[in-house]
Structures are given as structure tokens and as C-alpha cells.
Amino acid sequence: MARILGYIATSLDGMIVSGDDSLDWLYKYDGMDLGEHDYTLFLKRIRTVVMGRKTYDFLANEPSPWPYAEQRVIVVTSRPIDDPKGPLTVRSDIDALIAELRALDDGDVWMLGGGQLQMAFIERGALDEIEIYVMPELIGGGQPLFPPTGFRASLELVSAKAMDRGCVRLHYRMPRAA
């Protein structure tokens with residue numbers, strides 16, 4: 001059974017994208033030493049990448065090549081994607097997707113991107129673990145790490161570690177659905 005994981009960076013004030021839909025605040029940390037928790041090492045154990053439409057559109061508009069050619073990519077959207085930037089499939093039913101992902105046995109699943117889709121998985125007890133990289137930046141507004149939905153849960157802290165350049169890595173295990 002595949003593990004469904006989160007791996008995401010947030011500003012100290014809890015934002016993942018600035019008010020002008022930019023990640024410039026995060027890009028200045030490119031090349032940061034995360035040791036055994038480095039993104040490239042994380043990605044090597046990921047077989048399936050799941051993202052929402054906003055994340056896909058953001059990546060598709062980047063001038064760089066499609067970064068997930070080695071993974072199975074699933075975009076959760078109700079709208080068709082004409083001329084996709086890389087190989088992918090589309091799903092619109094989150095509950096059916098969770099069942100499909102749980103049946104996989106060829107590697108871990110990464111919930112890439114914004115908190116809206118991650119929150120949908122969390123509310124269904126379908127996100128197993130999350131690594132949150134808190135960057136020492138106050139960006140004053142934007143898209144929050146998790147949208148306020150009224151959902152409440154107590155997470156199990158696996159580890160907390162100070163990293164390079166003032167970053168703090170928080171690793172949590174999520175509660176399972178009842």
C-alpha cells in the first residue's frame with residue numbers, strides 16, 4: 001500500500017505563495033543544505049505525484065522543462081488539460097483517487113502544491129505524513145499553508161530539526177480516518 005506524503009515549504013507567517021502569486025520569497029533559498037531531507041532525495045522515493053489544477057498551471061507556465069518525467073503524475077481537476085506540458089492523467093473524484101492511490105504498491109505518493117488539495121486529503125484521513133519546512137520569512141499575505149475549513153486534528157510529531165539558513169523542518173504523522 002502506498003504512503004501518501006506531504007512535503008512543503010511555508011513562510012513563518014504561514015503562507016506558501018505570496019500575495020502576488022509568487023514564490024520569489026522561497027526561491028532565494030535554492031541550494032540550501034537540507035542534508036538527508038533534500039528535495040532531490042525525497043523525489044527519488046516518489047513514484048506518483050498528485051497536484052491540483054492551480055499547481056499544474058503554475059508549473060506548466062514555468063520556462064523550465066517538466067520536472068516530473070520520472071513519476072506518474074495525476075492532476076486533480078474538473079477541466080480538461082489541452083496540450084499538457086508532461087505526461088499526466090486527470091482525475092476529478094477525490095474519494096476514488098484516494099482508493100486508487102492506496103492500491104498502488106510501487107512507491108510513495110507526494111501531494112504536491114497548495115493546501116487546498118492537501119486539506120481535502122487530510123479531512124479524509126488520507127495523508128499519512130507531512131514534512132513542513134518553515135522558512136524564516138514574513139511575507140505578509142498570500143495563500144495559507146492550509147485553508148481554514150473548520151477541520152481539527154491532533155498530529156503526532158515525528159521530529160523537529162533546525163536546518164540550514166534558519167529553516168526548521170517539522171515532520172508529522174497524520175491521524176487516520178475513523
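I start with D106, which counts as partly exposed because its relative accessibility is 35%. On that scale, buried means under 20% relative accessible area, exposed means over 50%, and partly exposed is in between, with a 1.4 Å probe and protein chains only. Before going on, the provenance: this is a predicted model, where local features need pLDDT of at least 70, side-chain atom pairs count only at pLDDT 80 or more, and totals for chains, interfaces and linings use all residues. Residues are numbered from 1 along each chain as its sequence is written, and side-chain values use heavy atoms, with hydrogens and water left out.

What does D106 pair with? Its side chain meets that of R47 in a salt bridge, at 3.3 Å from N to O. The pair links distant parts of the chain, 59 residues apart: D106 sits in the loop between α4 (94–102) and β6 (108–112), and R47 in strand β3 (residues 46–52). R47 is partly exposed too, at 29% relative accessibility. The salt bridge rule here asks for a side-chain nitrogen of Lys or Arg within 4 Å of a carboxyl oxygen of Asp or Glu. By that rule the count is 14. Helices (H or I, at least four residues) and strands (E, at least two) are DSSP runs, numbered from the N terminus.

Next, R173. Its side chain forms a salt bridge with E129 at 3.9 Å, N to O. E129 is in strand β7 (residues 129–135) and R173 in strand β10 (residues 168–173), so this pair ties together parts 44 residues apart in sequence. E129 counts as buried, at 13% relative accessibility, while R173 is partly exposed at 34%. R173 also meets E156, at 2.9 Å, N to O. This second pair links β10 to strand β9 (residues 156–162), which holds E156, across 17 residues. E156 is partly exposed at 43% relative accessibility. E129, R173 and E156 belong to a salt-bridge network that also includes R3, R45, D108, E131 and R169.

Now the spaces. On a 1 Å grid over the protein atoms alone, a cavity is a set of points where a 1.4 Å probe fits but cannot get out; a pocket is an open set with protein on both sides within 12 Å along at least five of seven lines; lining residues have an atom within 4 Å of a point. Points are joined across faces, edges and corners, and a volume is the space filled by probe spheres set on them.

The largest pocket has a volume of about 1400 Å³. Of its 41 lining residues, L23, L26, F58, L112 and G113 are the closest to its centre. Which helix or strand gives the most to the lining? That is α3, with five residues. The lining divides into 25 nonpolar, nine polar and seven charged residues. Ala, Val, Leu, Ile, Met, Phe, Trp, Tyr, Cys and Pro count as nonpolar, Asp, Glu, Lys and Arg as charged, and the others, Gly among them, as polar.

The search finds one cavity of 30 Å³ or more. Its lining includes F121, F151 and M174, and divides into eight nonpolar, one polar and no charged residues.

Last, the whole protein. It has five helices and ten strands, and 47% of its 178 residues count as buried. The C-alpha atoms fill a box of roughly 40 × 40 × 30 Å along the principal axes.
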